[in-house]
Amino acid sequence: MYRISNRRYTGSKYKLLDWLEGLIREHCRGDVFFDVFAGTGVVGERMQGRFSRIILNDFLYSNEVIYKGFFEKGEYRDSVLSNYREKYRALEGEEPEENYVSENFGGRYFSRRDAKMIGYIREELERDRQKLSEKEYYVLLASLLYSMDKAANTVGHYDAYRKREHIEDRFCFELIEPQNGSGEFEIYREDANSLARKVRADVAFVDPPYNSRQYSRFYHVLENVTQWKKPRLEGTAMKPPAENMSEYCRSGAPKAFRDLIEHLQAKYIVVTYNNTYHSKSSSSQNKITLDEIRSVLSARGTTQVFEKKHPCFNAGKTEFEDHKEYVFITKIEDQDAE
């Protein structure tokens, strides 16, 4: 079964969890943890042992489904999930008909046979949705996304695929493992700056996009299969029309960050960022500098900075020297956060 950390994702904090948890335990207090840009969800999963309520937010449809599959409370029948698993495992000996996924992604992001299986499963899940509980539907759809990611002919994102004459059949449907921890989860798919004005928490964890790489474009295949609107695709990478674009990946990122920090209703703000603003690749350069982050946070309260050497995401074309992850922890001093 897949755990929430069993996926490839740009900027994942999985390998930094021990460090992050240690810093938050030492310097923050409270019961409510708000992960503003939750990404993979691994930080929220780790924090459920430290906080009684976890708020997860991300603007990707696929991440929302994954959070609901893993964390949202709801009734599900193990027998139903197992039956679907066995049925989709049995497909490995068959060849489904051509479908939206195979026509657009077969021979590119997946082998043609794997793409047929993915499209068949996605179509059936939508057709069977009324027969499933809401939790069962999200568990099965999240399981499909994880199984797709495991088989994808990519370097870990979907901005491009590996150019190969032959793509091996690798798809194998496996279930995710829903979490039954004691923590209470609230799940949102909203603009972070808007949600900051509505949600109150003790600790707000802020891990925004770092550069011009739009996550909705990086993970367009997963987004497409999740929404299942079957849009017309264009270009070598077979992308849909642009949507769900983040201001944090544009020149307006510093202004958006300032607005977010000014409106977060928390006792502590924890910001993690890295120093790729000196990257030789323009798409990898940070849109917000560390000095800008420090200045904005210091206006809200006493700010401490911690750093750690850590390898960055690298698709093989960009070199980084002395790459570091930074964590800023601000104890809010203005009265509105109390």
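The following dialogue explains how to read several features of a predicted model.

Biologist: In what order do the strands of the open sheet stand?

Modeller: Strands of a sheet pair through backbone hydrogen bonds, either parallel or antiparallel. Helices (H or I, at least four residues) and strands (E, at least two) are DSSP runs, numbered from the N terminus, and two strands pair if DSSP finds at least two bridges between them. Here seven strands form an open sheet with mixed pairing, in the order E3-E2-E1-E4-E5-E7-E6. Strand E3 (184-188) and strand E6 (301-309) stand at the edges with a single partner strand each, so one side of each has no neighbour in the sheet. From one strand to the next, the twist averages 15°; axes are lines fitted to C-alpha atoms, for helices over the stretch in contact, and angles run from 0 to 180 degrees between N-to-C directions.

Biologist: Which residue of E3 is the bridge partner of Leu 56?

Modeller: Leu 56 has Ile 187 as its bridge partner in E3. Strand E2 (residues 53-57) and E3 run parallel and are joined by five bridges.

Biologist: How many bridges join E6 to E7?

Modeller: Nine bridges join these two strands, which run antiparallel; Glu 307 has Tyr 326 of E7 as its bridge partner. Strand E5 (residues 268-274) also pairs with E7 in the antiparallel sense, over seven bridges, and Tyr 268 stands opposite Lys 331 in E7. Burial can be read as well: buried means under 20% relative accessible area, exposed over 50%, and partly exposed in between (1.4 Å probe, protein chains only). Eight of the nine residues of strand E7 (residues 324-332) are buried, so E7 is largely enclosed by the rest of the structure.

Biologist: How many salt bridges does the structure hold?

Modeller: Side chains of opposite charge can pair when their charged atoms come close. A salt bridge is a side-chain nitrogen of Lys or Arg within 4 Å of a carboxyl oxygen of Asp or Glu. The structure holds 31 of these salt bridges. In one of them, Arg 25 pairs with Glu 21, and the closest N and O atoms are 3.2 Å apart. The two residues are four apart in helix H1 (residues 17-27), which means that about one helical turn separates Arg 25 and Glu 21. Arg 25 is partly exposed at 42% relative accessibility, whereas Glu 21 is buried at 14%. Salt bridges also link Asp 18, Glu 21, Arg 25 and Arg 46 in a network.

Biologist: Is Asp 128 buried or exposed?

Modeller: Asp 128 is buried, with a relative accessible area of 8%. Its salt-bridge partner is Lys 131, with the closest N and O atoms 3.8 Å apart, and Lys 131 is exposed at 58% relative accessibility. Another salt bridge joins Glu 190 and Lys 198 at 3.0 Å, N to O; Glu 190 is partly exposed at 26%, and Lys 198 is exposed at 58%.

Biologist: At roughly what angle do the axes of helix H3 and helix H10 cross?

Modeller: Two packed helices are described by the angle between their axes and the distance between the axes. The axes of helix H3 (residues 61-70) and helix H10 (residues 220-227) come within 8 Å and cross at roughly 65°. The two helices are therefore roughly perpendicular to each other; angles under 35 degrees count as roughly parallel, over 145 as roughly antiparallel, 65 to 115 as roughly perpendicular and the rest as oblique. The contact (heavy atoms within 4.5 Å) is made by Tyr 61, Ser 62 and Val 65 of H3 and by Leu 222, Glu 223, Thr 226 and Gln 227 of H10.

Biologist: What is the phi of Trp 228?

Modeller: Trp 228 has a positive phi near 55°, although this residue is not glycine. Trp 228 is placed in the loop between H10 and helix H11 (253-263) and is buried, at 11% relative accessible area.

How values were computed:
Residues are numbered from 1 along each chain as its sequence is written. This is a predicted model: local features need pLDDT of at least 70, side-chain atom pairs count only at pLDDT 80 or more; totals for chains, interfaces and linings use all residues. Side-chain values use heavy atoms; hydrogens and water are left out.
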